[in-house]
Amino acid sequence: MAEESQHKPFKSPFPHQPTATASSSTDSKDDDSKSKLANGLVLDKDGKPCRLCTSAASWRALTKQAKTSGAASAATSTPTSTSSNDPVTKPPSSNPTPSRNECPPDVEKLGRSTWTLLHSMTATYPTKATTEQQTEMRTFLKLFSRLYPCWVCADDFRTWMAEPSGKNAPRLGGRADFGTWMCEAHNEVNRKLGKKEFDCRFWEERWRTGWKDGRCD
């Protein structure tokens, strides 16, 4: 899951923060036309670039690299002749230029949205959960940790919850325990990213009731 602290934007949705990545050419014998993948790019399980697992900066570096490579290939191809009397004009676009906010999410934006959802779920969890409610939430967390769009993040969250001692198993008896557990899960990410941890004593003010100084009123 990804935020500097629970007050600020975070980077990766779960404890895993992929740093390296694969290269399409790691052997000196490979074809020189195969360029290395952008630093920070994460591949999907099918070997293709995973946009939802990669930061926006790394994705832009990849697309810039692809455009540069494409332009170089076009420059070496046989040029076509055009008459100076027949200038090429580009038809006007009927669609407005989209803002960056309308682009597909990267791993950081996905993570921020995910943390908002998860903490909000703890904030609305029953004060004392029934057996059925606990079972439903446990099922949700199990499925969530398998279906989350960033697969490396999902794997890490699943691994963290399954820590052999059982200390990271979801605590679902009631809102207080569940909210604190989710805060601890978030802090695990903050520690791995070298970011400031959130004081879990205040998780309800941050995610449920609003701060006592009235800044959220």
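Reader: Let me start with one cysteine: is Cys 200 buried or exposed?

Author: Buried means under 20% relative accessible area. Cys 200 has a relative accessible area of 17%, so Cys 200 is buried. Keep in mind that this is a predicted model.

Reader: And which residue does Cys 200 form a disulfide with?

Author: Look for two cysteine sulfur atoms within 2.5 Å. Cys 200 forms a disulfide with Cys 183, and their sulfur atoms are 2.1 Å apart. This pair links distant parts of the chain: Cys 183 belongs to helix 5 (residues 175–192), while Cys 200 lies in the loop between helix 5 and helix 6 (203–209), 17 residues apart. Cys 183 is buried too, at a relative accessible area of 1%.

Reader: How many disulfides are there, and what pattern do they follow?

Author: The count is 3 disulfides. Number the bonded cysteines along the chain, and the pattern reads 1-2, 3-4, 5-6. Cys 50 is joined to Cys 53, with 2.3 Å between the sulfur atoms, and Cys 150 is joined to Cys 153, with S to S also given as 2.3 Å.

Reader: Which links are right-handed or left-handed?

Author: Check the torsion about the S-S bond. For Cys 50 and Cys 53 the torsion is about 55 degrees, so that disulfide is right-handed. The link of Cys 150 and Cys 153 is right-handed as well, with 60 degrees. The link of Cys 183 and Cys 200 has -90 degrees and is left-handed.

Reader: Is Cys 103 buried or partly exposed?

Author: Cys 103 has 33% relative accessibility, so it counts as partly exposed. Compare that with Cys 50, which counts as buried at 4%, and Cys 53, which is buried at 2%.

Reader: Now the aromatic rings. What describes a pair of them?

Author: You give the distance of the centres and the angle of the planes. The whole structure holds 9 aromatic pairs. One of them is Phe 144 with Phe 157, edge-to-face, at 6.0 Å centre to centre with 85 degrees between the planes. Phe 144 sits in helix 3 (residues 131–147) and Phe 157 in helix 4 (residues 151–161). Both Phe 144 and Phe 157 are buried. Trp 160 and Trp 181 make a tilted pair, 5.7 Å centre to centre and 45 degrees between the planes. That pair connects helix 4, with Trp 160, to helix 5, with Trp 181.

Reader: Which residues do ring pairs link into a cluster?

Author: The cluster holds Tyr 125, Phe 140, Phe 144, Tyr 148, Phe 157, Trp 160, Phe 178 and Trp 181.

How values were computed
Residues numbered from 1 in each chain as written. Predicted model: local features only at pLDDT ≥ 70, side-chain atom pairs only at ≥ 80, totals over all residues. Heavy atoms only, no water. Buried < 20%, exposed > 50% of the residue type's maximum accessible area, 1.4 Å probe, protein only. Helix = DSSP H or I, 4+ residues; strand = E, 2+ residues; numbered from the N terminus. Phe/Tyr/Trp six-rings, centres within 6.5 Å; stacked < 30°, edge-to-face > 60°.
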